[in-house]
Amino acid sequence: MADRPTAAELRLWAQKWRWYERNSLPWNRLRIHREFARRRAFARWPVHGNLLEAFREGRLEVGENTLLEPGVWLTAPDSARIRIGSGTFLNLGVMVAALDLVEIGDHCMFANGCFISDSSHRFDDPVRPVTWQGFTTKGPTRIGDNVWCGAHVVVTSGVTVGARTVIGANSVVTTDIPPYSIAAGVPAKVLRRIEYPS
């Protein structure tokens, strides 16, 4: 039989529960829906992350007619900010993780399982476990208007994706992508420019 947990272990468990499970409390769920409704946006349940605090502190901006499908995770700890424009669609299991700033434009589409972040895990300390080393950033991550990311696209720290760009499924975006581009691959490379009839 396992030993009884210490007071410190119970505090740590409560801290983790608060971070990961607080959205499941009925009153918090109602508050989160109210915040989306105030912005004329909608989130299908479950939605994960510290949305309530970020909304109330003005660090999470969501535009009108934006839709979050089930399993979307928005995380913006401390002073981090996430800005999502109007009419944007985040499909099942999309995660947006900000250390400082992630900006997503209007009318963007993210297919299932996309990951957008302005940071990555540190691993430079040879003694401490990777999970305890914190994060590093190369600067804000910005996605322009009318960008479409296929399933499981990863957009990394400090990257700007230009407006009206399409990123192919399973791509990893590690450098800036100019507007009006089709890009794909690991790392993502521009395949061709999108031309519109004049």
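**Reading strands, burial and contacts**

Biologist: Let's start with threonine 75: buried or exposed?

Modeller: Buried means under 20% relative accessible area, exposed over 50%, and partly exposed in between, using a 1.4 Å probe and protein chains only. Threonine 75 has a relative accessible area of 11%, so that residue counts as buried. Keep in mind that this is a predicted model, where local features need pLDDT of at least 70 and side-chain atom pairs count only at pLDDT 80 or more, while totals for chains, interfaces and linings use all residues. Residues are numbered from 1 along each chain as its sequence is written, and side-chain values use heavy atoms, without hydrogens or water.

Biologist: Which residues is threonine 75 in contact with?

Modeller: Contact means heavy atoms within 4.5 Å. Beyond neighbours within four places in sequence, threonine 75 touches Trp19, Asn50, Ile82, Met95, Val96, Ala97 and Ala98. Threonine 75 itself sits in strand 5 (residues 72-75); strands are DSSP runs (E, at least two residues), as helices are (H or I, at least four), numbered from the N terminus.

Biologist: In what order do the five strands of the open sheet run?

Modeller: Strands of a sheet pair through backbone hydrogen bonds, either parallel or antiparallel. Here two strands pair if DSSP finds at least two bridges between them. The order is 3-6-9-14-17, with parallel pairing. Strand 3 (60-62) and strand 17 (160-161) are at the edges with a single partner strand each, so one side of each lacks a neighbour in the sheet. Strand 14 (residues 141-143) joins strand 17 over two bridges, and isoleucine 143 faces valine 161 there.

Biologist: Where is there an antiparallel pair?

Modeller: Strand 20 (residues 181-184) and strand 21 (residues 189-193) run antiparallel, joined by four bridges. Alanine 183 has valine 190 as its bridge partner. Four residues lie between the strands of this hairpin, and glycine 185 has a positive phi near 115°.
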